[in-house]
Amino acid sequence: MEGAAKPEDIDYQNVPERMQLMAAQDFPAHTANYRGEGRKKYEWSVAEPPLCRAWSGLTPADYFGRALCENLPDSIRIGIIHVAIGGCCIEHLMKSYDPSAIVNEPDWFKGIAANYDNLPYIRLIDCALRAQHQGVIKGILLHQGCSNTGQQDWPDKVKAVYNDILQDLSLKAEDVPLLAGEVVSEGVGGVCAAHNPVIRRLPEVIPTAHVVSSEGLPCADDHLHFNAEGYRQLGKRYAKVMLEILK
């Protein structure tokens, strides 16, 4: 969910002030895709792209947050915590992940993981605990699977991550649904589309899980990632599901 599509000019415009990001790592000012004055880890700022790190791109969370702002009362603020490593397996996001295993990963992966001290799960929980002093956690978004394509035990591993998050943050599943988006669909030539049937099985093992369809969304030339418009539309689909849950 790190985001592979470079934000376009339209994506920096009209970002609602009440859509806030708690940075999970420092953002150097005016670096790569980040146009801002700098972000500090654990501090809130307007959620202009990119949300994950200065070198990442658009994600489903960008337009998920905007769509919620458009459809919820002005009194409600949306807070986003974004922790992701492009190309990671679900195992990298588990509480049980052994950071010493990072030596077996390629250098580019090591560089991204180092931003979380090689423990992305711990950084996520650290940020979320701080956020709970100021707000209420209402949902968990997941967009991952390409690196586990076709693995039939993937839903069970996602369940382990979800349950650990709930336990470590003293949350109840019925209050905090899991929204999981499909990867690039078969209809547009998605190279990992074989994983979508596995993603659709999540509600079988997690009753509070909801699957967000990627059917027909445009993708990048690599047929692995969405393009900018694909991420915008996918984010809005996440929001539609969340709004239905919130009623």
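How much space lies in the second largest pocket? About 400 Å³ of space lies there. A pocket here is an open set of points on a 1 Å grid over the protein atoms alone, where a 1.4 Å probe fits, with protein on both sides within 12 Å along at least five of seven lines. Its volume is the space filled by probe spheres set on the points.

The model is predicted, so local features need pLDDT of at least 70 and side-chain atom pairs count only at pLDDT 80 or more, while totals for chains, interfaces and linings use all residues. Residues are numbered from 1 along each chain as its sequence is written, and side-chain values use heavy atoms, with hydrogens and water left out.

The second largest pocket is lined by 19 residues (lining means an atom within 4 Å of a point), and M1, G86, G87, C146 and H225 lie nearest its centre. By class, this lining has 10 nonpolar, 8 polar and 1 charged residues. Ala, Val, Leu, Ile, Met, Phe, Trp, Tyr, Cys and Pro count as nonpolar, Asp, Glu, Lys and Arg as charged, and the others, Gly among them, as polar.

The largest pocket holds about 1300 Å³ of space. Its lining has 47 residues, with G79, I80, I81, I137 and G139 nearest the centre. Elements that give two or more residues to this lining include β3 (78-81), α3 (120-131) and α7 (228-246); helices (H or I, at least four residues) and strands (E, at least two) are DSSP runs numbered from the N terminus. The largest share, 6 residues, comes from α3. The lining of the largest pocket divides into 35 nonpolar, 9 polar and 3 charged residues.

β3 also belongs to an open sheet of 3 strands in the order β2-β1-β3, with mixed pairing; two strands pair if DSSP finds at least two bridges between them. β2 (44-46) and β3 are the edge strands, each pairing on one side only. Strand β1 (residues 19-22) runs parallel to β3 and is joined to β3 by 4 bridges. M22 has I81 in β3 as its bridge partner. α3 lies across β1, β2 and β3, at about 160° to β3; angles run from 0 to 180 degrees between N-to-C directions, and axes are lines fitted to C-alpha atoms, for helices over the stretch in contact.

S185 lies in the loop between β5 (178-181) and α5 (196-199). S185 counts as buried because its relative accessibility is 1%, buried being under 20% relative accessible area (1.4 Å probe, protein chains only). Leaving aside neighbours within four places in sequence, S185 is in contact (heavy atoms within 4.5 Å) with G190, A193, N196, S214, E215 and G216.

Terms used. Buried means under 20% relative accessible area, exposed over 50%, partly exposed in between (1.4 Å probe, protein chains only).
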